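Subject: Structure handover

Hello,

Here is the structure for your files. My notes on it follow below.

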Amino acid sequence: MSKIKLALLLSFVFITLIWFFTNTLLYIPFDSNLFTKSLTQYTGIIAFSAMTFAMILATRPVWIEKRLGGLDKIYRLHKWLGIVAFSFSVLHWLVSKLPDWWSQLDKLIILDAISGATENLDLTPIAFEVFLESLETLALQVGEYAFYLAVLFLTMALLKKIPYRIFAKTHIAMAIIYLVLVFHSFALMYINYWTQPIGIIMAIIMIVGAISSFIVLLGQVGRKRKFKGSIQSINTYPDMNMFELIVKSDNWKGHNEGQFAFLKFEKKELHHPFTISSAWDKKTKNISFTIKALGDYTNTLADKLKIGDSIVLEGAYGDFTFKDNKESQIWIAGGVGITPFLARMERLAQQNNMQKIDFFYSVIKLDSNFKKKLQQLSAEANINLHLFETSKSALISGNHIRNSVSNWKSASVWFCGPSKMGESIKKYLQRNGLNSKFHQELFEMR
């Protein structure tokens with residue numbers, strides 16, 4: 001099981017077990033009122049916990065990045081937490097809106113054992129209970145409106161057709177919605193939970209989540225990893241609709257090949273992620289980014305930028321760093337997914353590489369200047385280069401790799417490119433005997 005799936009599973013198994021120590025969904029004899037209230041509490045707690053975990057990940061915590069294996073894994077987990085939050089939020093809303101016919105289950109389900117339900121028999125309300133009751137009406141109202149907005153923004157986040165700049169700005173608004181839901185959860189959670197393990201856990205979650213949301217709202221995400229730089233040169237590859245941006249930053253702390261950084265070109269613009277396509281050189285302090293015009297933002301970026309422009313870099317992030325003890329490696333890239341391999345080739349060319357590496361690169365059309373650069377870099381790094389222009393030949397397949405590399409079963413595989421292409425090659429190689437790790441860059445902002 002992948003680290004992402006394991007982290008997602010363990011998080012909610014833990015919350016569920018803690019909740020079941022305090023409450024239950026099994027009421028014998030069946031009581032629809034108690035069941036509905038308990039189900040409302042449980043679905044709300046799971047939805048809120050998922051939003052909290054997603055909010056924490058939005059701050060890009062380094063300690064979690066290292067344990068999950070890179071920021072690309074954090075964003076994949078962030079996406080699935082959003083899906084869980086969306087699903088349980090809808091379920092929570094539906095349960096709270098159940099029609100009157102739900103009570104008819106009392107008559108249909110007849111069980112004779114003793115109920116496991118627990119109710120507060122002390123009819124004298126304590127001050128804290130009175131305080132929470134005074135917040136109940138407001139908490140219900142703001143919670144419902146926050147739910148509608150959360151569903152809207154989460155849906156926008158999942159729809160990739162919505163431009164990134166709109167998605168990013170509305171996604172920041174989720175931090176405000178989250179704070180409203182902290183109030184909603186605090187006011188409406190069962191009062192007896194607060195003296196139980198689930199209440200203690202939820203209190204911690206609310207505090208940590210609120211702090212994380214303020215970090216996002218105040219623009220403090222990655223603050224300690226931001227550095228100023230300036231554009232040194234811009235090289236274009238028109239046939240591939242790509243350009244290379246070379247940036248100098250005197251304060252940049254360095255990076256490993258395969259890592260990426262967030263770049264901010266204008267004050268009003270948000271940071272955008274781009275993989276670094278050069279090895280770090282302390283002498284020049286230059287950092288290269290090879291960028292492909294894929295969306296509404298990058299399509300016009302090359303025309304807007306000029307030499308000397310200021311830029312803000314944040315990073316470096318990621319764990320796609322080619323580090324293993326294998327005698328052989330297989331590299332596979334598609335389109336702009338070539339960027340981490342450019343950086344690695346540059347480093348290996350400086351180190352007199354003795355590792356056997358076969359590099360398969362697929363692109364619709366190769367720019368002649370870019371092709372020369374690839375051939376020169378691969379020769380200097382002692383790498384076997386296999387080029388595929390899909391306008392002239394077929395896409396790279398697992399069969400191509402199998403027929404071109406004699407010891408492919410024992411070689412580690414490093415892939416960066418379209419996810420469907422990567423999954424197809426991965427399944428083929430594993431089905432036919434690959435016994436090494438298949439490293440796949442999963443980075444997607446949504």
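Contact here means heavy atoms within 4.5 Å. The model is predicted, so to speak of local features a pLDDT of at least 70 is needed and side-chain atom pairs count only at pLDDT 80 or more, while totals for chains, interfaces and linings use all residues. Residues are numbered from 1 along each chain as its sequence is written, and side-chain values use heavy atoms, with hydrogens and water left out.

Nonpolar cores

A nonpolar core is a set of buried Ala, Val, Leu, Ile, Met, Phe, Trp, Tyr and Cys residues joined through side-chain atoms within 4.5 Å. Buried means under 20% relative accessible area, exposed over 50%, and partly exposed in between (1.4 Å probe, protein chains only). Helices (H or I, at least four residues) and strands (E, at least two) are DSSP runs, numbered from the N terminus.

The largest core has 51 residues, and Ile45 and Phe48 touch the most other members. Helix H2 (32–57) is among the elements that give two or more residues to this core, as are H1 (3–20), H8 (197–217) and strand E3. H2 gives the most, with ten residues. Leaving aside neighbours within four places in sequence, Ile45 is in contact with Ile15, Trp19, Met189, Tyr193, Ile198 and Met202. There is also a second, separate core of 24 residues, which includes Phe320, Leu342, Tyr361 and Trp414.

The sheet

Six strands form an open sheet in the order E4-E3-E6-E1-E2-E5, with antiparallel pairing; two strands pair if DSSP finds at least two bridges between them. E4 (272–275) and E5 (286–292) are at the edges with a single partner strand each, so one side of each is left without a neighbour in the sheet. E3 (residues 260–264) is joined to E4 by four bridges, and the two run antiparallel. Phe262 stands opposite Pro273 in E4.

Helix H13

Just after H13, Gly433 takes a positive phi of about 120°.

Regards
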